Amino acid sequence: MKKTLLLFAILAFACMQVFGQRVVTGKVTDPDGNPLPYLTVSVKGTTTGTVTDDQGNYSITLPAGYDVLAFSFIGMQPREVKVTGNVLNLVMQPSDYALGDVVVTALGITREKKALGYTVQEVTGTELNKRGNSDIVTSLAAKAAGLQVTTSSSNAGAASYMTIRGAASLTGNNQPLFVIDGMPMSTEPSYRGSTGQSGVYSSSRSIDLNPDDIASVTVLKGGAATALYGLQASNGVIVITTKKGPLDQKMKVSIHSSVGIKELGRHIELQNEYGQGLNGGWRSKYNGAWGPKLDTCSYSLDPALWANPLLDVDGAIVSNNSAYAPTNTGEPVRVYDQFDFFQKGIAYNNNVSIEAGNKNSSYFFSVGNLNEEGIVPNNTFGRLTLRLNADTKLTEKITTGANIMYARTKNNLIREGGTSSGIGIGLYRTPATFNNAAGYKLPDGTQRTYTGVNGTYNNPYWTSNEQFFKDQNDRFVGSTFMKAELLDWLTISYNIGVDWYVRRFQDVYNWYSVGNREGYLRERSEFHSLFNSDLILNIHRKISSDIGFNLNLGQNMFAQEYKYLTAYTDNLSIPGLYHIDNTTKQTAGQGTTNYRTAAVFADLSVDFRSMLYLGATLRNEWSTTMPKDNLSALFPSFSASFIFTELAPLKESKVLSFGKLRASWAKTANIADPYRTSSYYGSGSANDYYTSGISFPFLGVSGYTVGNTVGNPDLKHETQTAFEVGTEMRFLQDRLGLDFSYFYNKNIDLLLSVPIAASSGFSSAYMNAASMESKGVELSVYAIPVKMGDFEWEIRSNFTRMRNPVTALAKDVEYVLLNGDTKAQINAAVGYDYATIFGFDWYRDAEGRVLINDDPTDSHPDGFPWTDKTKTVALGKVGPDWTLNIYNTLHYKGLSLTALVDIKRGGYVNNGTRFNLNYYGQTVETLDRDTPTVFEGVYGHLDANGNVISSGVVNTTEVIKDQSWYRGENSFTSGGAATQAVEDASWVKLREVTLSYMFSNEILNKIRLQGLELYVTGNNLIVSTPYKGGDPEVSVYGATNGQGFDYFASPGVRSYLFGVKLSF
Amino acid sequence: MKSLYKSKIAVMALSVLLFTGCEKWIDTDLNTNPDVPSDVPMNLIVPSMELSMAYQIGGIRAVKTTNIYMQFLNGVARQSYGESNYILSATDVDDLWRRMYYQPMMDATRLIQKAGEQNSPHYAGVAKVCMALCLGTMTNLFGDIPYADAFTGDQGGLQPEFDTQEEIYNSIGTLLDEAITDLASTENILALSGDIIYNNNRTSWRKAAYALKARYALYRGDYAGALSATASAFSASDKFVMAFGTTDGEAGPMFQYATVSSYKNDVKMCATFIDKLLAVTDPRLPFYAKTIGGAYVGSPAGSEEPDASGLGVYNNKADAPVVLSSYAEMQFIRAECFLRQPVPDADAAAAAFKAAVASSVLAVTGVANTDWLDANINIETGATITLEKIMEQKYLAMYSTVVPYDDYRRTGYPALTPVAGAGQIPERFPYPQTEISYNTNCPVVANTSEKLWIFD
């Protein structure tokens, strides 16, 4: 009876709601608890609608028969909620690509976006945390105009490299400053394991951040945007705001879990038609695949031919037509896909966060745990993060808070790249007939390789099992702030914090590793600390009803301390025991880098009728790294923003809903590296390009040598003047928007270690020696082409076109080497874009046609081109002509599909991998070894004086590109024309696709959840490129300025991610 | 209102505290690197100068490349294969040039300067001998090189002028004469210390100075000068070597290359050299080369044949010393001088020749091998000795040094057949790329088959 009554009551109540008209009220806020004013609230299926007031409150009348309210607001995910009562409070989530009206600018100062005279671009946290990238920098790729990101390797935990609007410094840091909740954060990889092409690419320290903790990322690009940060901000600033708890909300628990799978992606193609050997014959242990054509061969197990059964496990390979044929087994020769070495890597990511707040305090706490396996066996990355962000209002006027983060990362990196003890060389050069997988270790502990026992290169399985680089970081970042509103118009705030981390790593080679026969162990501990404090006095007043101003006066103190202690040995007494005492000789070392800066600054902005905004900043900064009589520098900046749609004639425009013009000018500066004002002695050593050599102490004796770098007591600051103009417009009730910028940055007095002639007794001199420009345009477009009912299609697109020429270098310096080898160099050269590939070219005639040798008397073979070794020339710039990324989002109710297409046009990579593998007969290109070819070019030769004599007649001579061509004077190893290696690295990438489903409130209410979302993401699903190597987004030099160089870099990866987010 | 007042005071106090802290905060002493010294005593520079000198002069570019040219060795793969076909680029020689100039030669310059300031000529003497050896080695490979105007990068001299080879040879002579005086000086304040070649023995250093005087006088055709210098140079028991340790990290350069590095399989013994030794069952062969399949097999010059003998323990052992000069070299110099002086003395030449070979055989094998010497070497007399025989034996004795390449370009002996299709054996190294790029004074070398002044 009771049940029946209850049922009746519910029915009656429901009917009442369905059939009766009623008024619903509520408040709409963002996740931070801020009210959302002017937000559209409408009754679904009707034309009834309203907007929220200043406090985010609304009141709307639901007509009979309607019970779903639709909430929409630019920059927020639209929501539709079924109304069950008379009060509906709602928290709106920011949409991907928030076009928020308020943005975080320098020093955490929030500003109305329309007031800014410079470009800022925002990326929301939700865009970053569904990618499955452990390093948020990787996820920022293709998300903002002017931003360029390269991940140096597909290894789990690998370093990332990012620049904003090109390079500002020649050989110094070009990566932006990271500021997290007001604290500058150290992000650079502090130690790369090894220099040059070799080794491991330790994580960039931005990897310590948990992407799930991030609320938003603001990219500050121009000098005016970053001027308040002063020194070190000329590369742009990435301002990261982490999540905060909401005020006045009950506890909410959010869980985000995902599983990711990485697999082998694009890689260079290797031939498998010819076997190990030379001159068409099979040869055991031979370093090259110039052996027999395999379809005419078989195995022989005759001991007379099969000398190395432990290496050549299948038998000797003999031609069916040779004298040895009678011993053949008749079994066809097996070919091995060397890329089978790579595995599927799996990543598990789990995050739990708790947020809550009462009237005065709010609280956000999170725990994150990531465990990731790379595609190289034994390459792992793990991260544990804890975060607590809490704010409290002590009084109505005084707020304090703290942001505390702890992160522990553990990385096991496997050596890769162009080193004989890495994965790349040993793997790519192994002929198809050799089975690397048939054991890397022989019974006596020695190494089995295709070039013999303890051969020339490591077996890749050896590299991933007997060598490792274990890297562990413990990082604590804590900052606290106090903010007091002394008067209505006067606020003072003080923010102080530390970023402190300890890094320990162990770099290990077991006995019989190539280059370290007796094993190698390095133990290193690093202690890093940053200290930062900002004291800011804010004065804001409305002078009249039309004019207001906002003035910040501040003071900043910053200190960085770094120290490492290291010990290493290159002979282990007991193999496999990695302890620093397990040796007869250890070498120890230490290093220190300490510096401090201090600054005072002022930031004034004036607004007039919400139409014209003028800003100016001034900052004076002192740094200990500068010479005593030149400690400080002054940087001014000016900016203006004019909202022309506030003008009367445009105010009512139906087409143009918002329009703004902006301009800014700023001067910023970079300081010298520490310890550059004087010359020193260094610990002695003796070595060369080929051997690791000897370091003092030697035979128990210490030795010091005159340092190779000349110090300079007359250093000046590096100076950047940045000019920018732009416009921002929105049309058709914000259905369409664009943001255009032109920027022109001039960098002068750039500091660098200028390489100098060694006959000066030194190898480099540190000086203000270069000028560089970067100029370009950026266009961001936003559109909602389709919006029909529940369906919406949203497009965001960023276009960047930029040039970054080096305009001057020190007297008589033609170029500065950024990175490279003896074949190709990535240079900064006057008149060329920063990072241009230089190397030898073919001999060419005046019209640029390649000469084909027609002189039978010279030493160069006829019918072939040959290398002009008299000069290196520019062969291509690394930076792209332009980039375009298009981010499409389709929404239908809770379902959304996003796809990020990333297009890069132009930009070259030196494919040293392919060029080198040609020498070894490993590339598919060398399959033409038996086929006649005609080189493109014209007949010609050199006269007795070395002048080019071109016949102008097009070459028709057929030649065979056999072993003597691929290994001859024009080959990689003989310093042949690098033009053979330089390739267009344009690409079109389907960089990320995410399909997600957010459960509707109806369902959520039933299962008592506040939110539930399932998603699946794919990264790098399609890579279309003319590049003939692996992923064209490659850097064998890791996170350095010498991008655009491929030399046995790891192959690309594809990855898939399955995730669930829920909150209750 | 009262609380506001309090806050104001607090803020002001805070500000004052922070702003006044500034002076101390920007502490310019922080910019002195605590990890490396701004100055070091001379006895700590000496070992670095000596080791880096020996590692380069006895190392990969100086010895390996010239020994490939001289068909002691054959490069069978990669860069070394190029060298065996006389391909050597400007970037290939950067390493040797740079490390010579900014390491031992700069250290020697600094030592000479410090020794002058500190009235300690014994240090200057050692540094001058080393500088002379460095200059001699470098000029014989590169011809005109910077010296008089060099080593002033810290005073703004970034692009030194090049001295002619003749000027360099004059400087070598001056340096060695001064060294001989300095080392014998009685007015010396700081006693020589830190010397890892001669353990601070000045008498030995004077002998080394005379030995180098003899070598470079010979190259200038000054037979009388060379002969008289050899008289004051080494006796049979003297050595001029850099010793190394037994671990990989303290091993000599050829061992690091041919055993430790990833280039270890790129270079094999050359058939030309092996066949010469095999023909006379030279007792030095088992020390110079390893066996392969139980036999000594050389890789034909300029070929890619990898199945050949590797480098033997003579230089391919961790603690194999780098030989900078020797008693044997002195005796070969005497033999040549006796034969080529205006009034030849063939008997004395034959005697010196025998002493030279005997010294080399003993030094390489550790035993006298009298029977073999009697059968093959001691048969020579004043009537039978020739320059060719002397140079042939000097070639066999001076393996793993730069001297045979000097001698070949000087005398044309031993007669070597250049690799077919690879052109002539180069007469010199190209100038290094970095010097071309960063020093506008660097001469242009049209081709490396032009004879150097000293060998012309």
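Good morning, colleagues. Please keep in mind throughout that this is a predicted model.

Chain A contains 10 helices and 65 strands. Chain B, by contrast, comes to 19 helices and 4 strands. The C-alpha trace of chain A extends about 100 × 85 × 70 Å along its principal axes, and that of chain B about 115 × 55 × 45 Å.

Burial and contact range can be given for both chains. In chain A, 53% of the 1064 residues count as buried; in chain B, buried residues account for 58% of 456. If we take contacts between residues at least 6 apart in sequence, 68% of those in chain A link residues at least 24 apart. The corresponding share in chain B is 72%.

I turn now to the contact between the chains. Chain A contributes 83 residues and chain B contributes 87 residues. On the side of chain A, the elements giving two or more residues are strand 31 (467-487), strand 34 (547-569), strand 35 (587-608), strand 39 (681-683) and strand 42 (704-706). Which of these provides the largest share? It is strand 35 of chain A, with 7 residues. In terms of residue class, the side of chain A that touches chain B holds 35 nonpolar, 37 polar and 11 charged residues.

Next, the two sheets of chain A. One residue pair can be named: A:Ser300 has A:Asn328, in strand 23 of chain A, as its bridge partner.

The other open sheet also has 3 strands, ordered 61-56-64 in chain A, but its pairing is mixed. Strand 61 (982-984) and strand 64 (1045-1046) of chain A form the edges, each pairing on one side only. Between strand 56 (residues 908-911) and strand 64 of chain A there are 2 bridges, and the strands run parallel. A:Asn911 stands opposite A:Asp1046, which belongs to strand 64 of chain A. Helix 8 (residues 912-919) of chain A packs on this sheet, where it touches strand 56 and strand 64, and its direction makes about 25° with that of strand 56 of chain A.

Why can helix 8 of chain A be called largely enclosed by the rest of the structure? The reason is that 8 of its 8 residues are buried. Among them are A:Arg914, A:Phe915 and A:Tyr919. The cover over these buried residues includes helix 5 (423-428), strand 50 (824-829) and helix 9 (963-966) of chain A, together with strand 56 and strand 64. Just after helix 8 of chain A, A:Gly921 adopts a positive phi of about 70°.

That concludes my presentation. Thank you for your attention.

Methods:
Residues numbered from 1 in each chain as written. Chains lettered and ligands numbered in written order. Predicted model: local features only at pLDDT ≥ 70, side-chain atom pairs only at ≥ 80, totals over all residues. Pairing = 2+ DSSP bridges. Contact = placed C-beta atoms within 7 Å. Axes fitted to C-alpha atoms, helices over the stretch in contact; angles between N-to-C directions. Nonpolar A, V, L, I, M, F, W, Y, C, P; charged D, E, K, R; others polar. Buried ≥ 20, exposed ≤ 12 C-beta atoms within 10 Å, placed from the backbone.
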